[in-house]
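Hi everyone, thanks for making time this morning. Let me put the model up on the screen, and then we can walk through a few spots together.

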Amino acid sequence: MSDRKVLVTGATGFLGSHLAHKLLSEGRHVIALARGSKAASAEARVREVLNTVGSIDLSRLEVCEGDIAQPQLGLKESVSRTIASSIDQIWHCAASLSFTDEDRDEIFKMNLGGTKNILALAEQTPTRRLHHVSTAYVAGNRTDLVLETDLNVGQTFRNAYEESKCQAEMLIADAHGKGLVVSSVYRPSIVIGDSRSGRVTHFHGVYAFIRGLWSALERLRRRMPEAGTVNLPLRVLGAEATTLNFVPIDYVVDGMVEISRQPSSVGGTYHLANPQATENRIWLPHICRVLSVEGIQLVGETSFLRTPMTKLEALFQKQMAFYYQYLQGEPRFDCRRTLDALRNTGIECPGVTVEFIHRMVGWYVSFLNSARQGTGSSSPGPGAAQPV
């Protein structure tokens with residue numbers, strides 16, 4: 001085991017916190033680069049989220065307050081030099097997860113500008129080894145089979161997030177090609193809770209969709225004399241036959257760390273996606289079953305031309321505007337390079353079965369109910385109730 005340290009960005013986020021937790025649990029020394037908030041220091045934020053992921057010895061953790069979007073990561077030059085000389089790997093997980101057009105400048109400042117700043121640091125390290133966490137959705141509006149070797153093939157993008165992540169990958173490919181860094185790129189799809197428990201620590205993506213439905217149902221149930229299945233006539237813009245590619249957090253993190261150990265991973269790009277995407281006609285009805293609601297259906301745009309949206313449908317579509325983009329089709333992600341790298345390692349992507357959907361959604365609904373009743377915390381700790 002190397003005595004040198006690993007720098008992790010994004011350790012307060014969903015994937016970054018689980019990655020940092022795994023590296024620490026394997027005995028690595030981790031420097032977490034993070035921002036403070038008005039309420040807590042960077043160190044307090046990182047320690048809190050890592051303890052939320054699971055009980056762990058944090059004696060090998062250092063937290064450095066900085067900002068990837070700032071020149072030199074917002075660090076003093078002496079601090080930057082010290083970090084660069086002491087690490088043998090950088091895991092770059094930090095990113096803006098905003099998707100709205102009005103945030104476009106901030107998204108690019110974080111995702112593209114931040115990657116430039118991380119590259120500058122990586123070039124100063126002894127090994128120049130950089131692991132970059134991207135997204136499978138750099139494929140943008142493609143609906144065909146996307147190879148792990150594909151990047152910029154002239155695709156268009158649904159939003160600034162996808163576009164910024166694609167441009168960040170292009171920066172890394174250029175730096176690697178010039179010998180400035182030694183890089184590997186990992187592209188998760190839609191990351192959901194732990195495959196064994198369904199447990200999750202951050203609530204983006206499909207969880208925002210579930211919470212939107214749960215909130216609407218809570219308002220309706222307050223007016224109902226008896227509990228039971230709620231009939232909620234709600235048309236959701238989407239296509240039943242298209243898919244969403246859900247992948248559990250434990251598979252993503254375990255897979256990335258295992259692949260990173262292999263010398264053949266240098267220069268490679270890996271789809272940490274599910275080899276079997278889940279059709280919308282499968283996951284949505286089972287989410288509704290867990291929520292005890294019926295009447296929700298996926299429809300095409302012509303449905304709203306025939307019958308205008310209700311107030312509830314308009315409100316839901318406005319709140320879920322980003323997520324609606326992905327309910328009408330997504331690329332198919334080729335995972336052969338990833339599967340080859342993980343063969344005989346014992347790391348396999350679980351299928352998103354009906355049982356798993358119920359486990360994932362059930363955990364999150366239990367968490368939401370506990371939070372509403374005041375029996376849970378605002379973030380799910382190790383003892384939280386058992387749910388992209």
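Let's begin with D334, which counts as buried because its relative accessibility is 12%. For that word, buried means under 20% relative accessible area, exposed means over 50%, and partly exposed is in between, with a 1.4 Å probe and protein chains only. The areas themselves come from the Shrake-Rupley method with a 1.4 Å probe, and for residues only the protein chains shown count as cover.

Before going further, a word on where this comes from: this is a predicted model, so local features need pLDDT of at least 70 and side-chain atom pairs count only at pLDDT 80 or more, while totals for chains, interfaces and linings use all residues. Residues are numbered from 1 along each chain as its sequence is written, and side-chain values use heavy atoms, with hydrogens and water left out.

Back to D334, then. Which residue does D334 form a salt bridge with? The partner is R336, and the closest N and O atoms are 2.7 Å apart. By salt bridge I mean a side-chain nitrogen of Lys or Arg within 4 Å of a carboxyl oxygen of Asp or Glu. R336 itself is exposed, at 52% relative accessibility.

R196 and D194 form another salt bridge, with 2.8 Å between the closest N and O atoms. Here R196 is exposed at 60%, and D194 is buried at 14%.

Then we have R359 and E355, whose closest N and O atoms are 3.3 Å apart in their salt bridge. Both residues lie in helix α13 (residues 354-373), four residues apart, about one turn of the helix. Helices here are DSSP runs of H or I with at least four residues, strands are runs of E with at least two, and both are numbered from the N terminus. R359 is partly exposed at 25%, whereas E355 is exposed at 56%.

How many salt bridges does the structure hold? The count is 24. There is also a network of salt bridges that links K22, E26, D254, E258 and R261.

Now for charges on the surface. D101, E102, D103, D105 and E106 gather there in a patch of negative charge. A patch takes residues with over 30% relative accessible area and no salt bridge, and like charges are joined within 9 Å. Asp and Glu count as negative, Lys and Arg as positive, and His and the chain ends are not counted. Each charge is placed at NZ of Lys, CZ of Arg, CG of Asp or CD of Glu. E102 is exposed at 68% and sits in the loop between β4 (87-92) and α4 (104-122).

Next, some backbone angles. Most residues other than glycine have a negative phi. L73 has a positive phi of about 60° although it is not a glycine. L73 is found in the loop between β3 (61-65) and α3 (77-86), and is buried at 2%. R128 also has a positive phi of about 60°, and this residue lies in the loop between α4 and β5 (129-133). R128 is partly exposed, at 29%.

Last stop: A341, in helix α12 (residues 336-342). Is A341 buried or exposed? A341 is buried, with a relative accessible area of 11%. Leaving aside neighbours within four places in sequence, A341 is in contact (heavy atoms within 4.5 Å) with I259, Q262 and Y270.

Note on methods. Patches are made of residues with over 30% relative accessible area and no salt bridge: like charges are joined within 9 Å, nonpolar side chains (Val, Leu, Ile, Met, Phe, Trp, Tyr) within 5 Å.
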